[in-house]
Amino acid sequence: MSKYRVILIDDEMLIRKLVRMKLDVDGLNLEIVGEYSNGQEALEGVKEINPDIVISDICMPEEDGISFGEKCIKAFPNTKVIILTGFDDFDYVRRSLKVGVFDYLMKPVQADELNAAVARAVAQIEKDNEKKKLTNEILDDINSNIPALRSIYLAHVLQDGKWDSNYAEKLARYNVEINDSEDAILQVGMIAIKEVADKSMIGVNIKNEISHFFQNEKYIEVLSDAWGRIVVINNNEKVPLEECFEIIQQIIETKYSYNIEYGVSCGYDGWENIHEAYVEAVDNLGNTHDIKEIDTNGMSVKQSLEKHKMSMHISIEKQSVNNPDKGQVMREIIDYMRSNLGSSDLSQTHISEKFGMSVSSLNRSFKSFTGRTYVDVLSMMRLNKMLELLEDGNMKDRDIGEEIGIPDPHYLSIWFKKMTGVSVTEYRNTIQ
């Protein structure tokens with residue numbers, strides 16, 4: 001067991017030696033680690049030594065014992081300061097207790113009285129150490145469970161529907177980073193498992209896959225809600241959540257053969273809208289890319305797309321009556337998207353920067369003017385263009401993919417079947 005470190009302070013060297021001689025060093029497991037003649041020198045020594053116990057005279061040059069004790073206790077709250085004085089004055093006692101001095105002894109101090117005071121200080125130190133150890137163990141337990149506690153708290157925030165400044169403080173307490181950049185958005189995505197009775201272990205597998213997928217991205221939180229659905233909170237305007245979910249869906253269905261559905265909200269301005277984003281993700285669950293499958297004559301996809309195109313056009317014109325400026329901007333954005341389908345960057349961030357708006361404003365405008373998300377509209381444009389290009393039986397899939405901004409043939413094949421319900425080959429056969 002380590003010894004308790006003690007320093008002695010008195011401007012008279014002989015008194016320091018007498019105190020040293022009277023201390024039961026072995027019995028109390030003490031080690032005298034320093035002697036000082038004034039409080040100023042002692043303060044410097046305390047900073048280096050960080051003693052357990054200080055025994056100091058009350059009257060010293062430059063810095064009296066009470067003033068020294070106050071500064072020492074403020075810097076090192078666990079240090080026990082014992083004051084020695086030749087003045088039987090209640091005012092000294094009151095001042096000593098007020099600054100947190102552990103004990104107050106009259107000179108000439110007797111050995112048994114001195115050792116009794118030091119023994120009480122040692123007992124208090126041991127009690128403090130035990131309490132500190134217990135506190136550290138509790139903190140370690142809390143820290144080790146922060147991921148679980150964070151998920152529980154975030155699930156509560158999603159469903160609560162209320163927001164105040166305390167939430168921001170609590171998010172920080174659970175190590176949730178808030179993106180405070182000017183273009184930051186708050187978006188919620190949700191994945192649910194279909195047609196499975198026992199979803200507990202499957203949910204763990206899916207959650208692990210999604211966490212792994214987003215592990216290097218900032219401002220992303222993955223958790224389960226009260227119904228066992230996997231929820232992704234996206235506070236990063238550079239993460240195209242719906243496109244990510246398309247890839248995740250393919251990974252999960254290929255790797256585990258689980259049938260899943262997902263829903264994604266629009267981008268909102270901040271965490272105060274988290275509940276609204278969550279409700280929207282629930283409403284959109286399973287409704288993403290709801291184009292009907294192709295029938296035997298190969299025409300229903302085109303008809304469905306034409307219907308969506310017409311309704312989108314009418315919606316923009318209708319909304320433009322009340323907001324002509326935004327309606328004009330929306331027409332310009334959609335024209336730009338149609339003209340640049342083959343571009344490698346048609347992300348929401350790129351479009352919002354080009355047209356001078358935030359990502360969240362872009363998403364709200366698309367939802368308001370078209371009834372669909374930006375990603376849905378972009379996917380419909382790409383599919384419509386691909387169907388036109390497929391009419392030319394000589395164009396290869398890779399060339400078609402480059403024309404619509406999906407140059408990877410493997411992903412193009414997966415995406416087309418997801419959108420239409422049939423493979424590219426099957427569709428080619430129907431139009432032949």
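1. Helix H10 (residues 274-283) lies across strands S6, S8 (230-234) and S9, and runs at about 35 degrees to S6. Helices (H or I, at least four residues) and strands (E, at least two) are DSSP runs, numbered from the N terminus. Axes are lines fitted to C-alpha atoms, for helices over the stretch in contact (heavy atoms within 4.5 Å). Angles run from 0 to 180 degrees between N-to-C directions.

2. On the basis of the note: this is a predicted model, in which local features need pLDDT of at least 70 and side-chain atom pairs count only at pLDDT 80 or more, while totals for chains, interfaces and linings use all residues. Residues are numbered from 1 along each chain as its sequence is written, and side-chain values use heavy atoms, with hydrogens and water left out.

3. The sheet is open and consists of 4 strands in the order S7-S8-S6-S9, with antiparallel pairing; two strands pair if DSSP finds at least two bridges between them. Strands S7 (220-224) and S9 (260-264) stand at the edges with a single partner strand each, so one side of each has no neighbour in the sheet. From one strand to the next, the twist averages 15 degrees.

4. Strand S6 (residues 187-193) is joined to S9 by 5 bridges, and the two run antiparallel. Across this pairing, Ile193 stands opposite Ile260, and Ile191 stands opposite Tyr262. Of the 5 residues of S9, 4 are buried, so this strand is largely enclosed by the rest of the structure. Buried means under 20% relative accessible area, exposed over 50%, and partly exposed in between (1.4 Å probe, protein chains only).

5. The structure holds 7 aromatic pairs. Rings of Phe, Tyr and Trp (its six-membered ring) pair if their centres lie within 6.5 Å; planes under 30 degrees apart count as stacked, over 60 as edge-to-face and the rest as tilted. The ring centres of Phe245 and Tyr262 are 5.6 Å apart with the planes at 85 degrees, so this pair is edge-to-face. Phe245 belongs to helix H9 and Tyr262 to strand S9, so the pair ties together parts 17 residues apart in sequence. Both Phe245 and Tyr262 are buried.

6. Phe366 and Tyr374 also form an edge-to-face pair, at 5.2 Å centre to centre and 90 degrees between the planes. Phe366 is buried, with a relative accessible area of 0%, and Tyr374 counts as buried at 0% relative accessibility.

7. Gln250 lies in helix H9 (residues 241-256) and counts as buried at 18% relative accessibility. Leaving aside neighbours within four places in sequence, Gln250 is in contact with Ile414 and Lys418.
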